[in-house]
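Me: Hi, could you walk me through this one? I'd like to go over the strands and a few side chains.

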Amino acid sequence: MPAIDRARIVGALRRWLLTGLVVLVPLIVTLWVLDWVISTLDQTLNILPAAWQPERWLGRRLPGMGVLLALVIVLGIGALASNYVGKQLVSWWHALLQRIPVVRSIYSGVKQVSDTLLSEKGNAFRQALLVQWPREGMWTIAFLTGAPGGDAARHLPPQDYLSVYVPTTPNPTGGYFVMVHRRDAVPLAMTVDEALTYVISMGVIVPGGRKGTPPAAATLSGPA
């Protein structure tokens, strides 16, 4: 077989392999995550009495029944915590946990994060920015989270500095919290979701197809 034919065959095989991976890897990872989530939530069925287990009256195990039970529990707790009596119970529960030394530190930190991320009034990532990281001359995408607070505000005036979160790629759940001067942060004319997609795809997926959008189209919001 001529050398040129072998090269073409090898090139085609490599191209088919990469194309197959591009198609299958996202699907496999998605199915794996869904399987893990469903399997984990199905463990909530263990809180039911043996006589109430779905396997007893259905005669077989149906994956996903725990998801429905978990949803019912979450909705029930949400409904309870939304009325006056429920709010009082939650307030007492919080006060109790605040009195336990070790639990207090963990619970307070987790509660602050969850309130920011899950609350209807929360605004965890307010705006997509460009900042120089990890050194001057290298730029990356960051997200505005607020302004310096507490004792840090004495040294870094909130009117001059921003609190930003620099995510890692391709897993944005890991990253760095840094405080930068406003003049060193460039606002981006893209939504937070578009910026997250850009980060997760390692720059492969261009947000909205808008290439070279001038950053002047966006403005930095004021301090929190």
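This is a predicted model: local features need pLDDT of at least 70, side-chain atom pairs count only at pLDDT 80 or more; totals for chains, interfaces and linings use all residues.

Me: Which sense does S3 pair in with S2, and over how many bridges?
Reply: The pairing of S3 with strand S2 (residues 139-146) is antiparallel and runs over three bridges. If you want a spot to look at, Gly 146 stands opposite Ser 163 in S3.

Me: And what about S3 and S4?
Reply: S3 and strand S4 (residues 175-181) also make an antiparallel pair, here over seven bridges. In that pairing, Leu 162 faces Val 180 in S4 as its opposite residue.

Me: OK, new topic. Where is Leu 156 found?
Reply: Leu 156 sits in the loop that links helix H6 (152-155) to S3.

Me: Nice. How many aromatic pairs does the structure hold?
Reply: There is one aromatic pair. Trp 133 and Tyr 176 form it, with 5.3 Å centre to centre and 40 degrees between the planes, which makes the pair tilted.

Me: Why does that pair tie together parts that are apart in sequence?
Reply: Because Trp 133 lies in the loop between strand S1 (127-132) and S2, whereas Tyr 176 belongs to strand S4, and these parts are 43 residues apart in sequence.

Me: What are the relative accessible areas of Trp 133 and Tyr 176?
Reply: Trp 133 has 28% and is partly exposed. Tyr 176 is partly exposed as well, with a value of 45%.

Me: Switching to charges, how many salt bridges are counted?
Reply: The count comes to one salt bridge. The side chains of Arg 154 and Asp 151 meet in it, at 2.5 Å from N to O.

Me: How open are those two, Arg 154 and Asp 151?
Reply: Arg 154 is exposed, since its relative accessible area is 62%. Asp 151 has 48% relative accessibility, so it counts as partly exposed.

Me: Last stop, helix H7. Which of its residues are buried?
Reply: The buried residues of H7 are Val 192, Glu 194, Ala 195, Leu 196 and Val 199.

Me: What do those buried residues pack against?
Reply: The buried residues of H7 pack against S1, S2 and S3.

Me: And where is Ser 201, and what does its side chain reach?
Reply: Ser 201 is in the segment after helix H7 (192-200). Its side chain reaches the backbone oxygen of Tyr 198 at 3.2 Å. Ser 201 has a relative accessible area of 12%, so it is buried.

Me: What about the phi of Met 202?
Reply: Met 202, which follows H7, has a positive phi, near 60 degrees.

Me: Great, thanks!

Note on methods
Residues are numbered from 1 along each chain as its sequence is written. Side-chain values use heavy atoms; hydrogens and water are left out. Two strands pair if DSSP finds at least two bridges between them. Helices (H or I, at least four residues) and strands (E, at least two) are DSSP runs, numbered from the N terminus. Rings of Phe, Tyr and Trp (its six-membered ring) pair if their centres lie within 6.5 Å; planes under 30 degrees apart count as stacked, over 60 as edge-to-face and the rest as tilted. Buried means under 20% relative accessible area, exposed over 50%, partly exposed in between (1.4 Å probe, protein chains only). A salt bridge is a side-chain nitrogen of Lys or Arg within 4 Å of a carboxyl oxygen of Asp or Glu. A polar contact is a pair of N or O atoms within 3.5 Å; within protein, one must be able to donate a hydrogen and the other to accept it, and residues adjacent in sequence count only if both atoms are side-chain atoms. Contact means heavy atoms within 4.5 Å.
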